Amino acid sequence: MLNNPPGQNRMNRNAKNTNTPMPRKLSSIAPDWWDYTTLDADIIEAAARLTPDAMVKLSRPGFRVMLYDTLEDFYLAEALEYITAWKQSTADNPVGICGPIGPTEQLPLVARLVNELSLNIRSAHFWGMDEWYHDGREVPVTHPLSFERADRELCFSRIRPELVMPSANLHFPKADTAAYRKTWEGVRCAVMQGGQGDVKHWAFNDPPKRQGQYKDHPPTPAEYRKLATRVVDLHPLTIAQNARTSGGGNIAMVPTQALSVGPVETWKAEKVSIWHAGFHDNPFGQRLTTWMIANKIPDSSVPMSLLAEHPNVQFNFYRKGIGTCAVEMH
C-alpha cells in the first residue's frame, strides 16, 4: 500500500494556495452526472495496473480480499453466508441478511442448503436491498424485472414450508420507505451482500447528478453516508447495464428510477460482502474499487469506495472473472 495513495492530495494540488478547490473534470460518460471518470488520472492508472495476486495483497484490517478458482466454489461460498447468518437467529435474538439481485446464482443454492440441512429459519430475516420504481411506486411482483419476484421464485418459494420464515420476516423496499426502514430496528443484520455495477454502486447507490450544490464537486463521503433507503435517479450507465444483463439489451424496458437501501442501513450491517463474478462490472471496475477501499480513498463519485470507512468489508472474486486491463481488440 502507498504511504500517500493517488488522489489524497488532489484538493491541495487544485487549491493553488486558496481554500477553494478547482472544479473537477466532466464525466466522459454522462457530463451531467458524477462517476469514476471524474477521478484523477493517477488513481485510474494505479488501479488498472493491479494483477489478481496484487489485489489479494491489498487486504488490510477491516478489508479482506478473497479469490475463488471455480464458479462452483464462488457461489457456494456466497450461499453459505446466508446459512451462517441464519443459524445464529433465535426468537429472542433474530438475525438476518440483506441480499442482492445480481448475482442471483446463489439463491437456489441457499434454498437447497436449508432444505438438505433441515435448517429451521423461521426466526430469521431477509432484506431485499433494492427494487425498481416506476409511475410513483415500486414495480409490482408481476413485473418481469421485479427483484422481489426473483428472490421469492429463486429462493424462498423453494424452501420447505415448515422451515421458511413467515412473510412478515421478508422485507422488500416499497415506495413508502418508512416501513422498510423500521424493519432494521431490533433485528441484527449479520451480513449485507452485494454485487458491483458498472457505475461502481452497491444496491442502487449510484453517484448523484452534477447539479445544485454538487455542480463542481460531488457530495463528501460524510454527506453521502447520511442517505437512507430512498428513491434514486439512475445513472445512464446503470440503465444500460441492466438492459444488457437482464433485458437482452432492451434499454426502453428498464425504469430510470429505483428504490435502494442506503448507506445508513449498510452501516448497520456487521459485515458487507461484495461478490465479483466478472459478469456485472468489468476488469477495470473491479480493480478500481479494490484499490480505493484498500488505500482508504472514499469518493462519492465512486459510491462503492465509501466502504473504505466501513469496519468490516470483504471483496470476493472469481479469479477468471477479474480479467485484464490490457488492450484487446474484439
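Visitor: Let's start with Asn-169: is this residue buried or exposed?

Guide: Buried means under 20% relative accessible area. In this predicted model, Asn-169 counts as buried because its relative accessibility is 11%. You will find Asn-169 in the loop between H6 and E6.

Visitor: Which residues does Asn-169 touch, leaving aside those up to four places away in sequence?

Guide: Asn-169 is in contact with Arg-122, Ser-123, Ala-124, His-125 and Phe-126. Take Arg-122 as an example: 47 residues separate Arg-122 from Asn-169 in sequence, while their C-alpha atoms are 8.4 Å apart in space.

Visitor: Now the sheet. How should I read the strands, and what is their order?

Guide: The general idea is that strands of a sheet pair through backbone hydrogen bonds, in a parallel or an antiparallel way. Here, 7 strands make an open sheet with parallel pairing, in the order E1-E11-E10-E7-E2-E3-E6. The edges are strand E1 (63-68) and strand E6 (170-171), each of which pairs on one side only.

Visitor: How many bridges join E3 to E6?

Guide: Strand E3 (residues 125-128) and E6 run parallel and are joined by 2 bridges. To locate the pairing, look for Phe-126, which stands opposite Leu-170 in E6.

Visitor: And which strands does H4 lie across?

Guide: H4 lies across E1, strand E2 (95-99), E3, strand E7 (188-194), strand E10 (272-276) and strand E11 (313-318), and runs at about 145° to E2. Helix H11 (residues 283-294) also packs on the sheet, where it touches E1, E10 and E11, and its direction makes about 155° with that of E11.

Visitor: Which residues of helix H5 are buried?

Guide: In helix H5 (residues 106-116), the buried residues are Gln-106, Leu-107, Val-110, Ala-111, Leu-113, Val-114 and Asn-115. Their cover includes H4, helix H6 (147-154) and E7. Just after H5, look for Ser-118, which takes a positive phi of about 50°.

Visitor: Which residues form a nonpolar patch on the surface?

Guide: Leu-76, Leu-80 and Leu-109 form that patch, and together they have about 210 Å² of accessible area. Leu-80 sits in helix H4 (residues 71-87) and counts as partly exposed because its relative accessibility is 36%.

Visitor: Let's turn to charges. How many salt bridges does the count come to?

Guide: In general, side chains of opposite charge can pair when their charged atoms come close. The count here comes to 15 salt bridges. One of them joins the side chains of Arg-319 and Asp-53, at 3.5 Å from N to O. This pair links distant parts of the chain, with Arg-319 in helix H12 (residues 319-322) and Asp-53 in helix H3 (residues 52-56), 266 residues apart. Asp-53 and Arg-319 also belong to a network of salt bridges with Asp-69.

Visitor: In the salt bridge of Glu-148 and Lys-174, what is the N to O distance?

Guide: Their side chains meet at 2.8 Å, N to O. Glu-148 is in helix H6 and Lys-174 in the loop between E6 and helix H7 (177-182), 26 residues apart. Glu-148 counts as buried at 9% relative accessibility, whereas Lys-174 is partly exposed at 32%.

Visitor: And where are Asp-198 and Arg-244?

Guide: Asp-198 is in the loop between E7 and helix H8 (221-224), and Arg-244 is in helix H9 (residues 236-246). Their side chains meet in a salt bridge of 3.4 Å, N to O. Asp-198 is buried, with a relative accessible area of 12%, and Arg-244 is partly exposed at 46%.

Technical notes. Residues numbered from 1 in each chain as written. Predicted model: local features only at pLDDT ≥ 70, side-chain atom pairs only at ≥ 80, totals over all residues. Heavy atoms only, no water. Patch = residues over 30% accessible without salt bridge, like charges linked within 9 Å, V, L, I, M, F, W, Y side chains within 5 Å. Areas by Shrake-Rupley, 256 points an atom, 1.4 Å probe, with all protein chains shown as cover. Salt bridge = Lys/Arg side-chain N within 4 Å of Asp/Glu carboxyl O. Helix = DSSP H or I, 4+ residues; strand = E, 2+ residues; numbered from the N terminus. Buried < 20%, exposed > 50% of the residue type's maximum accessible area, 1.4 Å probe, protein only. Pairing = 2+ DSSP bridges. Contact = heavy atoms within 4.5 Å. Axes fitted to C-alpha atoms, helices over the stretch in contact; angles between N-to-C directions.
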